[in-house]
Amino acid sequence: MSAGSIIDARDVDYTLDVAGRPLHILRKVSLSVAPAEVVAIVGPSGSGKTSLLMLLAGLEKATDGQVVVNGRDLSDMNEDNLARFRRHTLGIVFQSFHLIPSLSALDNVGLALEIAEPGLSMAQVREKAAAALAAVGLEGRLDHRPSALSGGEQQRVGLARASVANPPLLLADEPTGNLDQKTGAIVVDLMFDLARKNNTAVVLITHDPALAAKADRVFTMTQGQLTETTVPKPATASASSARKAPARKPAARKPAAKKPVSK
Ligand SMILES: Nc1ncnc2c1ncn2[C@@H]1O[C@H](COP(=O)(O)OP(=O)(O)OP(=O)(O)O)[C@@H](O)[C@H]1O
């Protein structure tokens, strides 16, 4: 395993038992991501991208191989430890935002922070949540509920919520899937800028090669196999791959009738 990686997945197989037959979703997938590195995964629908993200989040277990995130081998962890790991290590950005409709933008973000850092006072929670929303340009929308926000604004709230506890890793599954192209590009720029400023690693899943090209490295998933892709950098992309990752402190999808095939 590479020393100091935020993600080190090695030879990961993920096979489901569907109606008594094995469905091989991931085959010998390996992925190593450095702290503060921004990577994108593209690939056709059904190729296994979301499944890989689920394994990295500890929401599904690999059938074979090893998934190590932030130094923790996820296959060894029970549900309590996995929940704790997720609270302190991950921010997740979803395609359909998943904001709580009855709560304001501030409270959506504040609630996530309270869960991640239960020791904070209400004043600290409000202050940090407001700062996270200001960091995504929503300082004027703190009291707005999701229904009063545009799609792009809702996804910015989702981004503020995912990053408010300053996790070392952001996982984003098609975060622009419900946005028009221009708004999607703005949200991805914001996500990558924020991650680079906070030294947060990102795994972005996207269908859009132009968005993927903004990442430090791009991978392609094809029929459950992951390969690194050489992508010419757009002239305006930040050259963050040249940046030295500084030391930092460590910090859902188809519910399904399925069960992993045991090794
Ligand atoms: N719970 C499940 N039961 C049966 N098949 C599943 C289940 N979850 C995933 N699959 C299958 O596994 C394959 C990979 O799915 P996955 O969602 O990981 O692909 P994806 O690349 O993220 O696709 P998309 O881009 O459309 O979201 C697909 O063929 C999918 O139908």
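Visitor: How do you know that α6 reaches about the span expected for its 18 residues?
Guide: In this predicted model, α6 has 18 residues and extends 26 Å from its first C-alpha to its last, which is close to the 26 Å expected at 1.5 Å a residue.

Visitor: Why are α5 and α6 called roughly parallel?
Guide: Helix α5 (residues 151–163) and helix α6 (residues 181–198) pack at an angle of about 15°, with their axes 10 Å apart. Angles under 35 degrees count as roughly parallel, and α5 and α6 are therefore described in that way. Their crossing is right-handed.

Visitor: What makes up the contact of α5 with α6?
Guide: From α5 come Gly-152, Gln-155, Arg-156, Leu-159 and Ser-163, and these meet Thr-183, Ile-186, Val-187, Leu-190, Met-191 and Leu-194 in α6. Sorted by class, the contact has six nonpolar, four polar and one charged residues.

Visitor: Which residues of α6 are buried, and what do they pack against?
Guide: Among the buried residues of α6 are Val-187, Leu-190, Met-191 and Leu-194, together with Gly-184 and Phe-192. The buried residues of α6 pack against several elements, including α5, β3 (38–42), α4 (122–135) and β8 (201–205).

Visitor: What does Phe-97 touch, leaving aside residues up to four places away in sequence?
Guide: Phe-97 touches Gly-151, Gln-154, Gln-155, Arg-161, Asn-178 and Leu-179. Phe-97 and Arg-156 are 59 residues apart in sequence, whereas their C-alpha atoms are 9.0 Å apart in space.

Technical notes. Residues numbered from 1 in each chain as written. Predicted model: local features only at pLDDT ≥ 70, side-chain atom pairs only at ≥ 80, totals over all residues. Heavy atoms only, no water. Axes fitted to C-alpha atoms, helices over the stretch in contact; angles between N-to-C directions. Helix = DSSP H or I, 4+ residues; strand = E, 2+ residues; numbered from the N terminus. Parallel < 35°, antiparallel > 145°, perpendicular 65-115°, else oblique. Left-handed = near helix turned anticlockwise from the far one by under 90°. Contact = heavy atoms within 4.5 Å. Nonpolar A, V, L, I, M, F, W, Y, C, P; charged D, E, K, R; others polar. Expected span 1.5 Å × (residues − 1). Buried < 20%, exposed > 50% of the residue type's maximum accessible area, 1.4 Å probe, protein only.
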